[in-house]
Amino acid sequence: MLKIYNTLARDKQDFKPIEANHVRMYVCGMTVYDFCHLGHARVMVVFDMVYRWLKASGYDVTYVRNITDIDDKIIKRAAENKESIHTLTQRFIDAMHQDADALGVQRPDREPRATQYIPQMLEMVAQLEKNGLAYQAADGDVNYAVRKFDGYGKLSGKSLEDLRAGERVEVDSNKHDPLDFVLWKHAKDGEADEVKWDSKWGKGRPGWHLECSAMGSDLLGKHFDIHGGGADLQFPHHENEIAQSEGAHQCQYVNYWMHNGFVRVDNEKMSKSLGNFFTIREVLKKYDAEVVRFFILRAHYRSPLNYSDQHLDDAKGALTRLYTALKSVPSPSVPLPAGEGSQFPSPSGRGARGEGAVDWSESYAQRFQSAMDDDFNTPEAVAVLFDLANEVNRTQSAQSAAQLKTLAGILGLLQRDPQHFLQGETVAGGLDDAAISAQIEARIAAKKAKNFAEADRIRKELLEAGIVLEDTAQGTTWRRA
RNA sequence: GGCGCGAUAGCAAAGCGGUUAUGCACCGGAUUGCAAAUCCGAUUAGCCCAGUUCGACUCUGGGUCGCGCCUCCA
């Protein structure tokens, strides 16, 4: 039985989807005005892992991750760049897809853009107004009347009183309550047509919180299973989403709220405002994308994750061990042909399908499964992978190697040709494969002639060029350090 | 100030009321011409103070420190 830590309950709970065998999941995606940083990478990878595990567990999953393509920052950036909103957002959506693809993140089933859901948003505002939860203020903005919604604060565990006590922003006299938030932002003079839409409250654009509520319920229904995002979205964003959706639809919005921990640098949250962020593409210049993915999945999704070169190097070394084990055994390909995944029972007797054609009765698979079922405990699941690697190295069993590759595949890891991972790409200015082969041949000749001094010299020279040689029973192999 | 989360060996990071986490590093051995890789073994833990218990890293209370949210943020 899968257990999920539900922020709403502050506890791990048994996961039961609303519809048997079908899971509907929404994750807050990016605001596209710049390149994604490692914090974004973590959300994408973490929920990709969740998506994959639900599928491997036999569920049909509808996964929605939105794109915020209208927002103050976008407008500001477009103006600075003297480009249109559309050009700017499209550019960064493309960049985001490149980054996500590199990290092995599967595309969500739907990727709605806020600007395509304006009618649904307006409809929601109208419904909220009708339900007495929204009002148009003197400045033209339509606000949500927080104190009219019973249960405001149930996700973040904050009461309105607590929130007011900590109020740090200047009180906006147009609001009935300082905590009221904007649903529809009234257009200001001089704003481009591109950033305003007609509505019965006048021209304007949607508030950020409204976007997710409208897209979520339009694509997944008024009540769905899982809603995820970074821990910083818990308040106010997700709290406000609940207020909007439940206020408009008069029913429970989401059953399980999941929040991933932050990526930190020097023990501080990585964020735009602190300026201490690394973009995904920056990091990928230095580290293999799979290493980055592995680095993220090695920690539990709710724990903070400190970024540093040392930790990435560490992750690289560990991943190398797994690939080395796969390399040592011939043809560890995925054991079952596609489409025949139903011959094994899936975890907990859920439907038997999906990408994980795994024999779940096998002991490593069982350990892997209970780790993943325990609130997606990937560190524990990864530990199982290492135990399996040890078994592979010890027994040279093709079956174990196949199991290793299959289980790792559920995490989106270890699917490449081991040789390719270990040897990497030719470094600019470094030795190419042909040059390395020539050196290896020369060394083999030297060894045959018992000229070990020469053989060692060649090996040392290669090592200084970042090439590690390994003499095996099958001959000499090499990898990049 | 309010609310919440965390503190595990040199580093990273999990589970668990009593029995090896795991990876990297380090030490010994096997293997190797020597290495590397691999295998076997050893060493290194549980912020502090109380309490519960036959027994606590694991539960309870208090403290200390760190982090986050309360403002856009993944």
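Which residue stands opposite Lys-269 in E12? In this predicted model, the residue that stands opposite Lys-269 is Arg-264. The two strands concerned, E11, which spans residues 263-265, and E12, are paired in the antiparallel sense over two bridges. Both belong to an open sheet of three strands, arranged in the order E12-E11-E13, in which the pairing is mixed. The edges of this sheet are formed by strand E12 (268-269) and strand E13 (305-307), each of which pairs on one side only. In general, the strands of a sheet pair through backbone hydrogen bonds, and they do so in either a parallel or an antiparallel sense.

A further antiparallel pairing is found at strands E1 and E2, where four bridges join strand E1 to strand E2, the latter made up of residues 11-14. Within this pair, Tyr-5 stands opposite Lys-12 in E2. The two strands form a hairpin with four residues between them, and Arg-10, which lies in the turn, has a positive phi of about 50°. Side chains in a regular strand alternate between the two faces of the sheet. In strand E1, which comprises residues 3-6, Ile-4 and Asn-6 make up the covered face, whereas Lys-3 and Tyr-5 make up the uncovered one.

Attention then turns to a helix and to a charged residue in a strand. Helix H7, which covers residues 234-249, is mostly covered, with 13 of its 16 residues buried. Just after H7, a positive phi of about 60° is taken by Gln-250. Arg-205, for its part, is found in strand E8, which consists of residues 204-206. Arg-205 counts as buried because its relative accessibility is 5%, and a residue is called buried when this value is under 20%. The side chain of Arg-205 makes a polar contact with the side chain of Asp-72 at 2.5 Å, and it also makes a polar contact with the side chain of Glu-191 at 3.2 Å.

The cysteines were also examined, and a search of the whole structure finds zero disulfides. For Cys-36, the closest cysteine sulfur is that of Cys-28, which lies 14 Å from the sulfur of Cys-36 and is therefore too far for a bond; a disulfide requires the two sulfur atoms to be within 2.5 Å. Cys-36 is buried, with a relative accessible area of 4%. For Cys-251, the closest cysteine sulfur is in Cys-212, at 17 Å, so that this pair is likewise too far for a bond. Cys-251 is partly exposed, its relative accessible area being 28%.

Finally, the second largest pocket holds about 690 Å³ of space. This pocket is lined by 25 residues, of which Lys-286, Asp-288, Lys-316, Gly-424 and Glu-425 are the closest to its centre. Two or more residues of the lining are given by each of four elements, namely helix H8 (280-286), helix H10 (309-328), helix H14 (418-423) and strand E15 (475-480). Helix H14 gives the most to the lining of the second largest pocket, with four residues. By residue class, the lining of the second largest pocket divides into ten nonpolar, seven polar and eight charged residues.

Definitions and conventions. Residues numbered from 1 in each chain as written. Chains lettered and ligands numbered in written order. Predicted model: local features only at pLDDT ≥ 70, side-chain atom pairs only at ≥ 80, totals over all residues. Heavy atoms only, no water. 1 Å grid on protein atoms, 1.4 Å probe; cavity = no way out; pocket = protein on both sides within 12 Å on 5 of 7 lines; lining within 4 Å. Points joined across faces, edges and corners; volume = space filled by probe spheres on them. Nonpolar A, V, L, I, M, F, W, Y, C, P; charged D, E, K, R; others polar. Buried < 20%, exposed > 50% of the residue type's maximum accessible area, 1.4 Å probe, protein only. Pairing = 2+ DSSP bridges. Polar contact = N/O pair within 3.5 Å; in protein donor to acceptor, adjacent residues only side chain to side chain.
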